[in-house]
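Open your viewer, load the model and get ready to select a few residues at a time. Each stop below tells you what to pick and what you will find there.

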Amino acid sequence: MVSPAAETALLAVDVGNTNTVLGVWRGKELVRSWRLTTRRDATSDEIALSIRGLFAAGPAPEPLGPMRVIVASVVPSLRFSLRQALRQILDRDPLFIEPGIRTGMPILYDSPQEVGADRIVNAVAAFDRMGGPCIVVDFGTATTFDVVTAKGEYSGGVIVPGISISAEALFEKAARLWRVEIRRPERVVGKTTASSIQSGLYFGYLSLVDGMIDRISAEVGGKLRVIATGGLAELFGGGSTRIEEIDPLLTLTGLRLIDERNRGG
């Protein structure tokens, strides 16, 4: 028996190149969320099994009832299997973030269809939260900087290699440098090779982030508020002089807002 609350629930799914984040909304409350590794070769049965396992786990299992589903994905190869899996377990077609969907946000890109679904969703959530012009910094496989105007328009952005990609390139190309944990070291000037690498990865990348925010702000003009999201948002957001707010699950909020604008919820 499905509880009445399940009828109004929303499953939001954000499929990234490295991680997939899922969350269950009841109205404006995010009641549960999960972060999984993205497997590009996963079959629909494997995806369905994983989602069923997530819903069944924990002290208060989530009922698999007729809830709405919305998906933002930057992995085209998973689109078919993900759609089939969600149909299989929820008996409902998911709403995908794609051209033609109502986001409530004009896209000022020269080719709007080129903008990643997650970037649009983040921009929608950031503007709703900040209430004015802003920059969203998403620490994912790539680190993206997305700009929203005072009118709530997606203006454009910047894409740079993510910190994990940058670190892997360093370790692969420099024979005498070894892998270290990406974390904030106690000081900038390292006293060992490991601490020197950590300093370069953390403070060097942080300088890139703050420097890029400064350049965007100088070019756009005016006061731009800055919010960070993504798996490493808390690590780098906490050390930034420019990032004002941190929300690792900002994309899930954007998916909820877009669901409301398309389904009248």
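Start by selecting F139, Y202, F203, Y205 and F236: in this predicted model, these five residue names belong to one aromatic cluster. A search through the whole structure turns up 6 aromatic pairs.

**Charges over rings**

Stay with rings, and pick F96 together with R79. You will see R79 lying over the face of F96, 4.2 Å from the ring centre. Next, show W25 and R256. Here the charged end of R256 sits over the ring of W25, at 4.8 Å from its centre.

**Into the cores**

Now select I70, I97, L255 and I258. They have the most contacts inside the largest nonpolar core, which has 29 residues.

Zoom in on L255 and ask what surrounds it. Setting aside neighbours within four places in sequence, L255 is in contact with A12, V13, D14, I70, V71, A72, I97 and V121. Then move to a second, separate core: this one has 25 residues, including V180, F203, I213 and F236. You have already selected F203 and F236, as members of the aromatic cluster.

**Two helices that cross**

Two packed helices are described by the angle between their axes and the distance between the axes. For α4 and α8, the angle is about 90° and the axes are 7 Å apart. An angle from 65 to 115 degrees counts as roughly perpendicular, so α4 and α8 are roughly perpendicular to each other. To see the contact, select V121, N122, V124, A125, A126 and D128 on α4. On the α8 side, pick L250, T251, T253, G254, L255, L257, I258 and R261.

**Out to the loops**

Go to the loop between α3 (79-90) and β5 (95-96), where you will find D91. Is D91 buried or exposed? D91 counts as exposed, because its relative accessibility is 72%. Check the backbone too: most residues other than glycine have a negative phi. D91 is not a glycine, yet its phi is positive, at about 55°.

For the last stop, select T241 in the loop between α7 (233-237) and β10 (245-246). T241 is exposed, with a relative accessible area of 69%.

Notes
Residues are numbered from 1 along each chain as its sequence is written. This is a predicted model: local features need pLDDT of at least 70, side-chain atom pairs count only at pLDDT 80 or more; totals for chains, interfaces and linings use all residues. Side-chain values use heavy atoms; hydrogens and water are left out. Rings of Phe, Tyr and Trp (its six-membered ring) pair if their centres lie within 6.5 Å; planes under 30 degrees apart count as stacked, over 60 as edge-to-face and the rest as tilted. A charge sits over a ring if NZ of Lys or CZ of Arg is within 6 Å of the ring centre and within 35 degrees of the ring normal. A nonpolar core is a set of buried Ala, Val, Leu, Ile, Met, Phe, Trp, Tyr and Cys residues joined through side-chain atoms within 4.5 Å. Buried means under 20% relative accessible area, exposed over 50%, partly exposed in between (1.4 Å probe, protein chains only). Contact means heavy atoms within 4.5 Å. Axes are lines fitted to C-alpha atoms, for helices over the stretch in contact, and angles run from 0 to 180 degrees between N-to-C directions. Helices (H or I, at least four residues) and strands (E, at least two) are DSSP runs, numbered from the N terminus. Angles under 35 degrees count as roughly parallel, over 145 as roughly antiparallel, 65 to 115 as roughly perpendicular and the rest as oblique.
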